[in-house]
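Please read it alongside the sequence and the coordinates.

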Amino acid sequence: MKRALGISAALVFLSLATAVSAGPTAISACGKTITKTGSYTLTNNLAVKKGGGTCITISANNVTIDLGGYNINCNAVANANGIATSGLQSGITIRNGFVHDCFNGVDTYTSGATGAMIDEVLALNNSNTGIAVNEKSTVIHSIANGNTNFAGIFALCPSNILYNTAVNNLVTPPSIACPDSTTTCYNDIDWFDKGDGLCHFSCNAYDPNTQALIFGAGSLGSCP
Amino acid sequence: MRLPLFLIAALLMIGAVTGTRAATPISACGTLIKTSGSYVVTKNLTIKKGQNPCIAVETNYVTIDLGGFTISCNGELGVDGVDDGQAVHDGVVVRGGTITGCDSGVFFRSNAALVDGLLTIGNRNGIRLFNPGLGDSVVNSISNDSSGNVFNNSTGIDVVCPSTLIDNTALGNAFKNLITDGVAGCASLNNLAP
């Protein structure tokens with residue numbers, strides 16, 4: 001009788017465990033390649049080790065990564081991205097956390113992936129670009145500061161680049177592909193000081209001196 | 001004796017299968033955050049005498065989710081809800097709760113501060129982001145005074161530009177509802193802050 005009770009209890013807990021496992025898949029270390037559609041969440045800060053590569057590679061469509069408020073630190077390892085796609089994936093969402101000291105913080109652009117949603121990602125102090133996306137994407141409520149060799153946010157058109165803050169980045173000419181008539185770059189702060197005495201902007205942006213909304217890319221007087 | 005062993009095994013299995021770990025809990029004022037990561041408030045927090053601030057951010061890359069709970073400073077002058085001790089760190093996020101009765105609800109000088117879904121009610125100042133020259137954001141937040149509370153807000157939202165201010169409400173604050181300090185370059189849209 002006791003044995004039967006024990007087995008029953010174990011079966012109940014096993015089914016509970018199975019039910020709980022329907023939640024997001026945990027990511028607890030760099031070097032992860034996502035090959036299955038689904039929802040993923042960080043469970044701690046992640047760090048790229050010396051000699052390592054991209055922290056999280058996405059190789060499947062329809063993947064959501066919730067950074068859970070944690071951070072990915074690439075430790076300035078050469079060419080290590082925080083999160084990058086590997087091909088022409090679509091339906092990628094990345095949200096809620098920090099990506100810093102990487103080559104590119106978030107890069108769905110280089111591999112040709114489209115339709116990415118980047119929401120409340122803080123991409124700081126990366127050596128190339130903070131957030132890089134292709135067309136049909138949205139970047140919203142994110143901050144991309146101090147990305148030293150290229151753009152804070154780089155987007156191909158058409159995309160929605162909404163309500164972000166991107167300052168103290170460097171864009172090497174030519175500037176980003178935005179804007180064209182099919183892209184909304186709306187109420188972003190998007191200007192940078194290249195050290196040439198001019199304040200450059202790469203997408204529709206607020207004039208840092210007059211607060212007027214400027215359409216297009218170009219430069220004006222010195223940044224504040 | 002066998003049943004507890006089964007139970008232990010099953011519980012261990014649950015942990016192994018889920019593999020998830022919650023953000024670090026904060027259950028009392030006087031918390032110093034010295035390690036980057038994700039933190040969540042697990043109950044209403046009230047300042048006790050001698051504590052300041054309730055939650056101190058002392059490192060880079062920190063997310064604080066108030067979890068829908070309230071931080072109360074009981075009207076203690078000079079006591080903040082969440083602050084960085086006026087040090088400049090990189091990256092701090094505060095979201096999802098209420099701060100009341102503090103000198104400043106949130107007061108940061110850090111680079112890349114993001115405040116989202118925060119209600120600061122009846123503080124001396126609601127949300128203050130004073131990083132000089134690097135961008136911050138305040139979105140979807142409310143910063144109002146509250147009659148009957150100890151303080152009347154001096155300022156609802158007060159930021160140094162460049163910063164992005166989107167979809168906020170700041171009403172009934174004694175001095176000003178929304179201030180963008182210093183140089184120009186703030187982006188402001190859909191704020192109810194006359």
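A residue is called buried under 20% relative accessible area, exposed over 50%, and partly exposed in between, with a 1.4 Å probe and protein chains only. By this definition A:Asp101 is partly exposed, because its relative accessible area is 27%.

The model is predicted: local features need pLDDT of at least 70, side-chain atom pairs count only at pLDDT 80 or more, and totals for chains, interfaces and linings use all residues. Residues are numbered from 1 along each chain as its sequence is written, chains are lettered from A and ligands numbered from 1 in the order in which they are written, and side-chain values use heavy atoms, with hydrogens and water left out.

A:Asp101 belongs to the loop between strand S9 (92-100) and S10 of chain A. Strands here are DSSP runs of E with at least two residues, helices are runs of H or I with at least four residues, and both are numbered from the N terminus. Leaving aside neighbours within four places in sequence, the contacts of A:Asp101 (heavy atoms within 4.5 Å) include A:Asn73, A:Cys74, A:Leu124 and, from the other chain, B:Tyr61. The C-alpha atoms of A:Asp101 and A:Val48 are 9.9 Å apart, and the two residues are separated by 53 residues in sequence.

**Sheet of chain A**

Chain A contains an open sheet of 6 strands with parallel pairing, in the order S2-S5-S8-S10-S12-S15. Strands S2 (32-34) and S15 (153-155) of chain A stand at its edges; each has a single partner strand, so one side of each lacks a neighbour in the sheet. From one strand to the next the twist averages 20 degrees, where axes are lines fitted to C-alpha atoms, for helices over the stretch in contact, and angles run from 0 to 180 degrees between N-to-C directions.

**Chain B**

Chain B has 1 helix and 18 strands, and 55% of its 194 residues count as buried. Its open sheet comprises 7 strands in the order S2-S5-S8-S10-S12-S15-S17, with parallel pairing. The edges are formed by S2 (31-33) and S17 (176-181) of chain B, each with a single partner strand, so one side of each is left without a neighbour in the sheet.

| Strand | Partner strand | Bridges |
|---|---|---|
| S10 (residues 104-107), chain A | S12 (residues 129-133), chain A | 3 bridges |
| S10 (residues 104-108), chain B | S12 (residues 125-129), chain B | 4 bridges |
| S1 (residues 24-26), chain B | S3, chain B | 3 bridges |
| S3, chain B | S6 (residues 62-65), chain B | 4 bridges |

Strand S3 (residues 37-41) of chain B is mostly covered, with 4 of its 5 residues buried. B:Val41 in S3(B) is the bridge partner of B:Ile26, while B:Ser38 has B:Thr63 in S6(B) as its bridge partner.

**Aromatic pairs**

Over all chains there are 3 aromatic pairs. Rings of Phe, Tyr and Trp (its six-membered ring) pair if their centres lie within 6.5 Å; planes under 30 degrees apart count as stacked, over 60 as edge-to-face and the rest as tilted. The pair B:Phe107 and B:Phe130 is edge-to-face, because the ring centres are 5.3 Å apart and the planes stand at 80 degrees. B:Phe107 lies in strand S10 of chain B and B:Phe130 in the loop between S12 and strand S13 (136-139) of chain B, so the pair ties together parts 23 residues apart in sequence. Both B:Phe107 and B:Phe130 are buried.

Technical notes:
Pairing = 2+ DSSP bridges.
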